[in-house]
Every structure is written in structure tokens, then in C-alpha cells.
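Please look through the structure shown here, and then follow the paragraphs below, which go from paired strands to a helix and on to a few single residues.

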Amino acid sequence: AFNDQNWIFYQNSSPVTKFLGNSLDLDTKGNSHVIFPCWEGDHYYYTNPQCTRIHNIIIGSMWIEHFGTLNIKNIQGSLSCTINFKKSGLFQGTQYRVEGYIEENGKRIVRIEGRWDESLEGRWLVDTLKVKKGEVKRLWTIAKDSFLNDEYNFTQFTKSLNDFDEDMVQVVLPTDSRRRLDRRYLEHRNTDVSTYWKKIIEQRQRQDRKSRPNTWTPMWFQKDEDNVWVYCGDYWEQREQKVQLLHEGKDISMLLKPQQLIGLACDFTSYDQPDNSFSSSSTSTTTDSTITSDIDNNKTTLNSQTTTGAVSTEGITGDDHSSNSGVSTEGSVTITTPSITVDDHSNTGGVSTEGSVTSTTSSITEDNHPNTDGASTEGSVTSTTSSITEDNHPNTDGASTEGSVT
């Protein structure tokens with residue numbers, strides 16, 4: 001739901017999908033509501049077209065269309081509107097067409113036509129206080145400059161739905177889809193690791209389904225007299241309270257953390273993952289890499305990886321975390337580890353670079369941490385460790401450089 005001084009928006013949906021070979025149909029089956037408090041509380045609801053079809057999902061150039069009827073109704077008033085989204089034909093020019101009428105007490109007063117991806121125009125069929133019969137007005141035009149120049153062709157608003165800053169991490173529900181690791185890695189264009197986490201999540205979902213009771217009671221929704229799910233309160237209220245307490249530096253651990261959801265597949269905070277797993281350099285390109293991950297001990301292994309560009313790694317928080325074998329780069333390498341707290345953390349063998357290497361470790365609190373064997377570089381090497389509190393930490397065997405070493 002969105003709430004503004006001038007309008008309030010909420011919706012419910014029960015989507016149904018159908019796979020048709022090279023296309024996918026989506027029927028959202030729901031209503032959207034808009035309330036305008038500034039206009040004497042006018043309350044409108046609208047349905048979605050019966051079908052949204054995505055064409056050529058496997059072969060061909062992908063495109064989308066809506067077809068079916070969209071109904072708009074003023075619950076307290078006499079105005080209504082019916083819009084027909086035309087189904088595309090065999091020829092170009094018939095796609096995205098819409099037409100319909102605005103009615104008052106069942107009488108058509110405005111004819112609407114145009115394209116839902118470009119603009120809509122209205123032709124008045126009767127005289128009104130402000131518009132004469134036969135007059136045509138542009139009702140809506142798409143803001144083309146709102147689209148971003150990226151591969152997804154998102155608008156700025158669409159992209160903002162993925163926003164997940166530090167405050168948001170602490171505020172949203174454990175079940176918020178922005179916490180999904182497969183989604184996060186996909187957003188950062190790492191499809192291999194994204195696919196890995198997608199499989200893990202799906203495995204846990206199947207396990208949950210086997211043990212789930214037949215009945216499931218929603219926490220923040222209930223059905224009204226029309227058998228439609230409506231918001232029953234307490235979510236947005238808790239969220240606002242949580243934001244306020246967060247800014248005041250107070251405890252927020254008990255808000256928006258339903259106990260019955262903890263540990264389920266939909267509890268995306270229960271997946272063991274380092275906080276800084278999405279840190280990367282925009283100039284880094286990796287080829288011919290093998291990536292393996294272990295959920296239980298946060299192990300990441302990179303074998304025979306070639307990287308061109310700058311590489312940045314931040315944050316190691318578990319045991320036996322990284323093993324790099326046969327890794328080479330033709331750019332600068334920066335490794336920043338704020339804190340290493342368990343033993344046998346890094347093992348680097350046969351690592352070579354033709355640029356500078358900078359390694360900074362703020363704190364090491366256990367034994368046998370770095371082991372470098374056969375590492376070589378043709379640039380300067382700088383390693384800085386602020387604090388070491390245990391024995392047998394650095395072991396360097398056969399390391400060579402053609403530049404300065406600090």
C-alpha cells in the first residue's frame with residue numbers, strides 16, 4: 001500500500017500463470033483501489049485485463065501484451081469506465097491498442113482510444129460544464145525519458161523497488177523478496193551463483209511444503225464480505241514504529257519478526273551469507289572460473305580464475321573461507337578485510353598479477369591465517385595488518401616480485 005496526503009493506494013491479487021511453450025500467460029485476478037481524501041474521499045477500484053502474455057520467452061525477440069477488459073468504478077459515485085485492451089493480430093500496427101468509454105449512470109459521455117504504451121485521447125460525446133461535445137483531448141502521454149538506458153529498460157520507479165540500503169535491511173520483513181540471495185546475485189549479473197541459491201531456496205520450500213499444515217492463516221490480511229483479501233492493519237504501523245526507533249538508536253528486534261516464520265524457506269535471513277557478498281568492482285571481468293559455495297561454513301573456492309581489471313574483496317566472517325588456486329589478473333588487486341576471527345582463513349597458491357597488490361587487514365584474532373605459496377607479481381605489493389593477536393600468522397614461501405614490497 002502507498003499512502004500520501006492526496007491519495008491512498010492498495011491492491012490484492014491472486015495470480016495464475018500458464019505456460020504455452022514459447023509464451024507465458026499471467027492472470028492477476030485482483031482489484032486495485034485508489035482513494036482521494038482531498039476529493040471528498042472519492043474511492044475508485046479497477047480490475048486488470050484478463051491476460052498479460054509474454055511472447056518469445058525461449059525463441060525470438062521477447063515482447064509483452066495485455067488483452068481483455070479493464071473496469072474502473074467510483075464506489076461512492078456514478079462514474080465508471082470500461083477499457084478494452086485489443087489482442088494483437090498477425091500484422092504490425094494492431095499491437096497495444098485500447099479503446100473504451102467513460103460512463104455516468106450508464107450513459108456514455110467520453111470515448112477513449114489510443115495505445116497503452118504511447119498515449120490516450122478522449123473524445124467528448126456530450127456537452128459538459130468545461131468541455132463541448134466533439135472536443136478531443138490528450139488524456140495521458142507516456143514519459144519516455146523516465147526509462148533508464150539499461151538492459152532491462154526499467155523506469156526509475158521500477159528500479160527503486162529493488163532499493164536495499166542499510167536502513168532498509170534492518171526494517172523490512174525477513175520474508176521480503178529483496179533479501180533473496182538468488183535475486184540479489186542476479187541483479188549483480190552473477191547468474192551462476194544466482195542459480196545455485198535458487199536451487200537451495202527451492203529445496204527448502206519443498207521441505208516446508210511437506211511439513212506445512214493444511215490451513216494457513218495470513219497475519220495482515222483477512223477476507224471481507226465479498227471474499228476479497230483486504231489489509232487488516234498492524235504491518236505499516238509496526239514498520240513506521242521500527243523506523244522511528246531505529247533513528248533513535250533503540251531496540252527494534254521484536255518488531256516485524258513473526259516467530260512462526262523464523263527458519264522457514266521464506267525467512268531469507270536464515271540463509272548463511274557474508275554481509276559484503278555483493279561487493280565488486282565495476283571494472284572487473286572474470287572468465288573461465290569455477291565457483292563452489294558451502295552453506296554450512298561460508299566456503300568460497302575460486303579455481304583457475306582469470307580476471308582483467310580491478311578486484312576488490314571485503315569482509316571474511318567464518319572458518320576456512322577462501323582458497324584461491326591458479327588465479328591471475330592483469331589489473332590491480334585490492335583486498336580489504338575488516339576482521340578475521342577464525343583460523344585457517346586464506347590460502348593462496350600460484351597467484352600472479354601484472355599490477356599492484358594491496359592487502360589491508362584491520363584485525364586478526366586467531367592462528368594460521370594467511371598462507372601464500374608461489375605468488376608472483378610484476379608491480380608493487382603492499383600489505384598492512386593493524387593487529388595480530390595469535391601465533392603463526394604469515395607464511396610466505398617462494399613468493400617473488402619485480403617491484404617494491406612493503
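Cys81 stands opposite Ile102 in S10, and the two strands concerned, S9 and S10 (residues 97-104), run antiparallel and are joined by seven bridges. Strands here are DSSP runs of E with at least two residues, helices are runs of H or I with at least four residues, and both are numbered from the N terminus; two strands pair if DSSP finds at least two bridges between them. S9 (residues 79-85) also pairs with strand S8 (residues 63-74), again in the antiparallel sense, over six bridges. In this pairing Leu70 has Ile83 of S9 opposite it, and S8 and S9 form a hairpin with four residues between them.

All of this is read from a predicted model, in which local features need pLDDT of at least 70 and side-chain atom pairs count only at pLDDT 80 or more, while totals for chains, interfaces and linings use all residues. Residues are numbered from 1 along each chain as its sequence is written, and side-chain values use heavy atoms, with hydrogens and water left out.

Helix H4 (residues 191-211) has 21 residues and reaches 31 Å from its first C-alpha to its last, close to the 30 Å expected at 1.5 Å a residue, where the expected span is 1.5 Å times one less than the number of residues. Its buried residues are Val193, Ser194, Trp197, Ile200, Ile201 and Asp208. They lie on the same side of H4, because they cover an arc of only 125° around the axis, the arc being that of the directions from the helix axis to the C-beta atoms. The face turned away from this buried side carries the exposed residues Asp192, Lys199, Arg209 and Lys210. Buried means under 20% relative accessible area, exposed over 50%, and partly exposed in between, with a 1.4 Å probe and protein chains only.

In the loop between helix H3 (181-187) and H4 is Arg189, which has a positive phi of about 65° although it is not a glycine, and which counts as exposed at 58% relative accessibility. Leu256 also has a positive phi, near 50°, without being a glycine, but this residue is buried, with a relative accessible area of 3%.

Leu256 lies in the loop between H5 and S16, and Asp272 is placed in the loop between helix H5 (235-247) and strand S16 (285-287).
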